[in-house]
Amino acid sequence: PIRATGLIPKDMSIEITLSKGDPIQASTVLVTTGANRRKLEAPGAAEYDQKGLTYCASCDGPLFADKDVAIIGGGNAAFETALQLLAYCKTVTLFNRGDSFKADEISVASALAHPNMRVVKNSDILAVEGAQFVTGLRWKDVNTKAESLLPVEGIFVEIGLLPNTPWVGSILEMNAVGQIKVD
């Protein structure tokens, strides 16, 4: 497929450079490149990606019915994932980096009300452990520095999205995370 690889402002138009062929001119450009999920950067994460570590509860959640799972994140996506997984997983343990959540209070309260839900605040993920598939999540309490291993068969990563905008360069104004600002 031919892809846009850059934008160059001209007097009354924008030149769009392409991965193949000559550039094209446009008076208006609509950039709709979406985003990719932020990947977990911990030893074992890449090795066990799609071998128990996943980024989509809707896609992969049912594979973990009656199993112990972990979620990494503290925003709305993490708590929505928890609520979805609590319907069929044995236990759900959510790991949050800080002491408070970014998720809305209603989602947090709904998840925490479930008897199979556990939350670990102030946690630093150290490693994803496994053999052929995920067998556990190693983490550290940032306050006490104590390290622990939670045996789980599934790990759901919900730590945000990265916009697919680097190719645009610096000609458009972006926010701190790289999303294009619009008027």
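Is the crossing of H2 and H3 left-handed or right-handed? Please describe the surroundings of this crossing as well.

Analyst: The model is a predicted one. In it, the crossing of H2 and H3 is left-handed. Helix H2 comprises residues 76-85, and its axis comes within 9 Å of the axis of H3, the two crossing at roughly 35°. On the H2 side, the residues that take part are Asn76, Phe79, Ala82 and Leu83; on the H3 side, they meet Ser107, Val108, Ser110 and Ala111. Sorted by class, this contact has five nonpolar residues, three polar ones and no charged ones.

Serine 107 belongs to helix H3, which covers residues 105-112. Its relative accessible area is 11%, and because buried means under 20%, serine 107 counts as buried. When neighbours within four places in sequence are left aside, serine 107 is in contact with Asn76, Phe79 and Leu83.

For context, another part of the model is an open sheet. Its three strands follow the order E9-E10-E11, with antiparallel pairing. Strand E9 (123-130) and strand E11 (147-151) are at the edges; each has a single partner strand, so one side of each lacks a neighbour in the sheet. From one strand to the next, the twist averages 25°. E9 pairs with strand E10 (residues 134-141) over seven bridges in the antiparallel sense, and glycine 130 stands opposite valine 134 in E10.

Key: Residues numbered from 1 in each chain as written. Predicted model: local features only at pLDDT ≥ 70, side-chain atom pairs only at ≥ 80, totals over all residues. Heavy atoms only, no water. Helix = DSSP H or I, 4+ residues; strand = E, 2+ residues; numbered from the N terminus. Buried < 20%, exposed > 50% of the residue type's maximum accessible area, 1.4 Å probe, protein only. Contact = heavy atoms within 4.5 Å. Pairing = 2+ DSSP bridges. Axes fitted to C-alpha atoms, helices over the stretch in contact; angles between N-to-C directions. Left-handed = near helix turned anticlockwise from the far one by under 90°. Nonpolar A, V, L, I, M, F, W, Y, C, P; charged D, E, K, R; others polar.
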